[in-house]
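Q: I should like to learn how to read the features of a protein model. May we go through one together, step by step?

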Amino acid sequence: RYKAQRDAMQAALQQHLPPGCRYNTPVGGMFFWVELPAALDATALLAKAVDAGVAYVPGAAFFADKGRANTLRLSFVTVPPERITQGVAALGRVLAEALR
């Protein structure tokens, strides 16, 4: 089950993230770690993402010292594949708008 959800998120990230975004595909975890272009702040964009119907955890909280504002963590284990695609597409639109 998790593999299908992970694969759905990987495909959606490939298709919908704007240029300059990078991510790691988990081999044994439940989250994707996403690095946004340096100009973007994941915490500042969270409210816009929630308004668009998607939530994530800003990555700055996962650093022992000075966090990187342009990172975020996405979970795929509680969402069916079709909703993952919709959510990542919405996130991609929010990020693309922020980059303009």
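Q: Which residue is the bridge partner of Tyr 23 in E2?
A: The bridge partner of Tyr 23 in E2 is Val 34. Two strands count as paired if DSSP finds at least two bridges between them. Here three bridges join E1 to E2, and these strands run antiparallel. A hairpin through six residues also links E1 to E2.

Q: What should I know about the model and its numbering before continuing?
A: The model is predicted: local features need pLDDT of at least 70, side-chain atom pairs count only at pLDDT 80 or more, and totals for chains, interfaces and linings use all residues. Residues are numbered from 1 along each chain as its sequence is written, and side-chain values use heavy atoms, with hydrogens and water left out.

Q: How do strands of a sheet pair, and in what order do the four strands stand here?
A: Strands of a sheet pair through backbone hydrogen bonds, either parallel or antiparallel. In this structure the four strands form an open sheet with the order E1-E2-E4-E3, and the pairing is antiparallel. Strand E1 (22–24) and strand E3 (57–58) are at the edges with a single partner strand each, so one side of each has no neighbour in the sheet.

Q: Where does the charged end of Arg 73 sit?
A: A charge is said to sit over a ring if NZ of Lys or CZ of Arg is within 6 Å of the ring centre and within 35 degrees of the ring normal. The charged end of Arg 73 sits over the ring of Phe 31, 3.7 Å from its centre.

Q: How many aromatic pairs does the structure hold?
A: Rings of Phe, Tyr and Trp (its six-membered ring) pair if their centres lie within 6.5 Å; planes under 30 degrees apart are stacked, over 60 edge-to-face, and the rest tilted. The structure holds four aromatic pairs. One of them is the edge-to-face pair of Phe 32 and Phe 76, at 5.7 Å centre to centre with 70° between the planes. Phe 32 belongs to strand E2 and Phe 76 to the loop between E4 and H3, so this pair ties together parts that are 44 residues apart in sequence. Tyr 23, Phe 32 and Phe 76 form one aromatic cluster.

Q: Are Phe 32 and Phe 76 buried or exposed?
A: Buried means under 20% relative accessible area, exposed over 50%, and partly exposed in between (1.4 Å probe, protein chains only). Phe 32 is buried at 0%, and Phe 76 is buried at 1%.

Q: What does Thr 71 touch?
A: Contact means heavy atoms within 4.5 Å. Thr 71 is found in strand E4 and is buried, with a relative accessible area of 0%. Residues up to four places away in sequence aside, Thr 71 touches several residues, among them Trp 33, Val 34, Pro 58 and Phe 63. Pro 58 lies in strand E3 and is buried, with a relative accessible area of 18%.

Q: How do the helices lie on the sheet?
A: Axes are lines fitted to C-alpha atoms, for helices over the stretch in contact, and angles run from 0 to 180 degrees between N-to-C directions. Helix H1 (residues 2–16) lies across E1, strand E2 (31–35) and E4, at about 15° to E2. The buried residues of H3 pack against H1, helix H2 (42–51) and E4.

Q: What span should helix H3 have?
A: The expected span of a helix is 1.5 Å times one less than its number of residues. The 19 residues of helix H3 (residues 81–99) should therefore span 27 Å, and its end C-alpha atoms are 27 Å apart, which agrees. Leu 91 lies in H3 and counts as buried at 2% relative accessibility. Leaving aside its neighbours within four places in sequence, Leu 91 is in contact with Val 54, Tyr 56 and Leu 74.

Conventions. Helices (H or I, at least four residues) and strands (E, at least two) are DSSP runs, numbered from the N terminus.
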